[in-house]
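Hello,

Here is the structure I said I would pass on. Please look it over before reading the notes below.

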Amino acid sequence: MQLIKNLIIVGEHMNDLIFSIYTKITDTTKKRSHNSIQFEKHFHRLRDGLKNYAEICNADFKLLTPDSTNYDDLNIYKIQQWEKFCDEYDRVLYLDFDVIPNTNINIFEKFDFNKFITHFIPIDDFNERVGLRTKAETKQQFLIRTQSKEYKDQLKELDEYHWLIKGLMKKDMMKADGVPLTQNVICNTGIFAGNHVARDQLKFSERIDDCKKLIDSIKHIDKRYFYNNEVFVSYMIDKYKVPVIDVPPHWHELVLTDTVDARIKYSCLVHVITKDFERVFNILD
C-alpha cells in the first residue's frame, strides 16, 4: 500500500513558479535613468516573454511590483521572496525583468532544483569579459601592467558594482571570517532557482545579518564595500558548502557590449546587461 502511495506522489504534477520584479527605482544616475527608460519602452514585450516562457514550463507566473524603489534593497527582496515562494510552490525560478527567454526547453525538467541553481562568474582581472586585460595584451604584458600606477588608478575608478570589486569584497569577507576561499567566483542573481531544500541549505535570510556585520568590519579596506546580495550569496555558498548547480553560459548568457550575435541567438536565457533590448530582439527575430 505504501508503494502505491509513493507512486501516486511521484506522478503528481509539480507546482512550479516563475517570478520577476518590475518597479521604478529612485537612483537617478545616468545609467539607472537610461535603464528605466528602456524598461518602460519595452515593458510589454519583456513581460510577455517571461509570461510565455512560464506557460511553456507549465508554471505560474508572477510579476511583483514592490513599494521599495531602492536598487540594493530590491536585490535582497527578490531572494527573500524566493524563500517565501518555496513554501507555496515545489520549484521556483527567479528571472530579472531584463532576461529574455529564448527556448522551448522546460528548465524545471533540465536541472535539479534540490540544489541552488545559479551561474558563476570567474573573478580575476585577467579575464577579458569581467577583468581589465585588453584583447591586445598577452598574459605577460598584462601582469607587468598590473604593477603600474596606471593600473592601480584604473582599479580605483571602478564602481562598487563591478565584478572585480565584488570579488575583492568576498575575499576580504572570507579573510575576516577566517574561512579559506575555495572558489574565486561571484554568482549572478539575475537568474536563480531552487526549491525548499535548496532554500534551507542556503539559509539566506538567517545568515544575512552576519554578512552585514562582516561588511561593516571591513569597510575601512575599501569605501566601495556595501551590502550586496550577490556577494552575500557567493560567500554563503563558499563558507557553508551549499550544494549548487552552476548552469552553463547558454542558460545565462550575459549580453555585454562585446557579446557576439551568435551567443545571443543560440542561448536559452538571455540576460541583457546593456539594456539594449532592440538589438537583442532584432537578433532573436
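The notes cover aromatic pairs, charges over rings, and the surroundings of one arginine.

This is a predicted model, in which local features need pLDDT of at least 70, side-chain atom pairs count only at pLDDT 80 or more, and totals for chains, interfaces and linings use all residues. Residues are numbered from 1 along each chain as its sequence is written, and side-chain values use heavy atoms, with hydrogens and water left out.

Aromatic pairs

Searching the whole structure gives 18 aromatic pairs. Rings of Phe, Tyr and Trp (its six-membered ring) pair if their centres lie within 6.5 Å; planes under 30 degrees apart count as stacked, over 60 as edge-to-face and the rest as tilted.

One of the pairs is Phe19 with Phe85, edge-to-face at 5.0 Å centre to centre and with 65° between the planes. Phe19 is in strand 1 (residues 16-21) and Phe85 in helix 4 (residues 71-88), 66 residues apart, so this pair links distant parts of the chain. Helices (H or I, at least four residues) and strands (E, at least two) are DSSP runs, numbered from the N terminus. Both Phe19 and Phe85 are buried; buried means under 20% relative accessible area, exposed over 50%, and partly exposed in between (1.4 Å probe, protein chains only).

Tyr71 and Tyr161 form another edge-to-face pair, with 5.6 Å centre to centre and 85° between the planes. Tyr71 lies in helix 4 and Tyr161 in the loop between helix 6 (149-156) and helix 7 (163-176), so the pair ties together parts 90 residues apart in sequence. Tyr71 is partly exposed at 30% relative accessible area, whereas Tyr161 counts as buried at 19%.

A single aromatic cluster is formed by Phe19, Trp82, Phe85, Tyr89, Tyr94, Phe116 and Phe192.

Charges over rings

A charge sits over a ring if NZ of Lys or CZ of Arg is within 6 Å of the ring centre and within 35 degrees of the ring normal. Lys166 lies over the face of Trp163, 4.2 Å from the ring centre. Arg207 has its charged end over the ring of Tyr240, 3.5 Å from the centre.

Arg224

Arg224 is in the loop between helix 9 (204-218) and helix 10 (229-240), and is buried, with a relative accessible area of 16%. Beyond its neighbours within four places in sequence, Arg224 has contacts (heavy atoms within 4.5 Å) with residues including Leu155, Lys156, Glu157 and Ile165. A polar atom of the Arg224 side chain lies 3.4 Å from the backbone oxygen of Lys156.

Regards

Conventions. A polar contact is a pair of N or O atoms within 3.5 Å; within protein, one must be able to donate a hydrogen and the other to accept it, and residues adjacent in sequence count only if both atoms are side-chain atoms.
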